[in-house]
Amino acid sequence: MNLISFEVIAFAIPAVLFAGISKGGFSGGASFAGAAILALVLDPVVVIGVMLPLLMLMDVRLLPAYWKKWSWEESLVLILGAVPGVVLGAVTFSTADADIIRILIGGLSLLFVIWQMTKHFLDLQRQVGKTVGFVCGGVAGFTSYVAHAGGPPAAIYLLGRNLSKTQYQATTVLVFWVINGLKVGFYGAIGMFTVQTMTLGIILAPVAILGAWIGIRLHHTIPDRIFFLVTYVLLSLTGAKLIWSGLT
């Protein structure tokens, strides 16, 4: 498979830019849409290998901007839960084929949209407990490993902790910086990184940094509702397309 082609790069630039903006300014809950878009033209397993170094590069760019603005308590709970989740993802990933991963990414996309549409009708003002946080961390570690889609389960816990907008954002930056660091060794061990994936990553590195920078700026300027309205449409379309492709 030739990764350095016009078609791949044409899809990869908006995918990585979108992932950076979401990760940089909007808690990363929808950043896995980048993987969903890229999976339309590449094997999902290859996409996961391409995206991880770029996500880690975004983490390096974001940490200084949100340094120590996170909540240590919520961060620790999610990270402790994520460790076994990542290990479980590593074990499961080796037995999954490309179509299963397509369906998984597509299903998570649609579930995330449904969650965002219905959360306003739920009682999220009551503080959820640490047990819920540990479970959500485990699910986040697992879904992050197999599809870079740990944002939604982490959001379920954090939305129930009544954090400020910036505290919530900073907590996700810290948590997924740790999770991505845990994943890199497992990915390397199974040969996820190749000369072609790393070459494509180098080409897209400026886009990843730009997306993260834009996300930081947007975090303080535009309402979440406008951004997520576009996100929901994109996730719904790509999610449905990936599920259809996986099933057929």
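Which residues form one aromatic cluster? In this predicted model, the members are Phe93, Tyr145, Phe186, Tyr187 and Phe193. Let's start with these rings and then walk along the helices around them.

**The aromatic cluster**

The count of aromatic pairs in the model comes to six. One of them joins tyrosine 145 and tyrosine 187 in an edge-to-face arrangement, with 4.9 Å from centre to centre and 80 degrees between the planes. This pair links distant parts of the chain, since tyrosine 145 sits in helix α6 (residues 130–147) and tyrosine 187 in helix α8, 42 residues apart. Tyrosine 187 also pairs with phenylalanine 193: here the ring centres are 6.3 Å apart and the planes stand at 50 degrees, so this pair is tilted.

Phenylalanine 193, by contrast, is partly exposed, with a relative accessible area of 25%.

**Two partners of helix α8**

Helix α8 covers residues 165–189, and two of the helices that pack against it are set out here.

| Helix packed on α8 | Angle between axes | Axis distance |
|---|---|---|
| α4 (residues 72–93) | roughly 25 degrees | within 9 Å |
| α7 (residues 151–158) | about 135 degrees | 11 Å |

Take α4 to begin with. Its axis and that of α8 cross at roughly 25 degrees, and the two helices are therefore roughly parallel to each other. The crossing of α4 past α8 is right-handed. On the α4 side, the contact draws on Trp72, Glu74, Ser75, Leu78, Ile79, Ala82, Val83, Val86, Val87 and Ala90, while α8 supplies Thr171, Leu174, Val175, Val178, Ile179, Leu182, Lys183 and Phe186. Sorted by class, this α4–α8 contact has 14 nonpolar, two polar and two charged residues.

Now for α7. Its angle to α8 is about 135 degrees, and that makes α7 oblique to α8. The crossing of α7 past α8 is right-handed. Gly151, Ala154, Ala155 and Leu158 of α7 make the contact with Tyr168, Thr171, Thr172 and Phe176 of α8. By class, the contact of α7 with α8 counts five nonpolar, three polar and no charged residues.

How many of the eight residues of α7 are buried? Seven of them are, and α7 is mostly covered. The buried residues are Gly151, Pro152, Pro153, Ala154, Ala155, Tyr157 and Leu158.

Is asparagine 180 buried or exposed? With a relative accessible area of 3%, it falls under the 20% limit and so counts as buried. Which residues is asparagine 180 in contact with, leaving aside its neighbours within four places in sequence? They are Lys23, Leu52, Leu55, Met56, Asp59 and Ser144.

How values were computed: Residues are numbered from 1 along each chain as its sequence is written. This is a predicted model: local features need pLDDT of at least 70, side-chain atom pairs count only at pLDDT 80 or more; totals for chains, interfaces and linings use all residues. Side-chain values use heavy atoms; hydrogens and water are left out. Axes are lines fitted to C-alpha atoms, for helices over the stretch in contact, and angles run from 0 to 180 degrees between N-to-C directions. Helices (H or I, at least four residues) and strands (E, at least two) are DSSP runs, numbered from the N terminus. Angles under 35 degrees count as roughly parallel, over 145 as roughly antiparallel, 65 to 115 as roughly perpendicular and the rest as oblique. A crossing is left-handed if the near helix is turned anticlockwise from the far one by less than a right angle, and right-handed if clockwise. Contact means heavy atoms within 4.5 Å. Ala, Val, Leu, Ile, Met, Phe, Trp, Tyr, Cys and Pro count as nonpolar, Asp, Glu, Lys and Arg as charged, and the others, Gly among them, as polar. Rings of Phe, Tyr and Trp (its six-membered ring) pair if their centres lie within 6.5 Å; planes under 30 degrees apart count as stacked, over 60 as edge-to-face and the rest as tilted. Buried means under 20% relative accessible area, exposed over 50%, partly exposed in between (1.4 Å probe, protein chains only).
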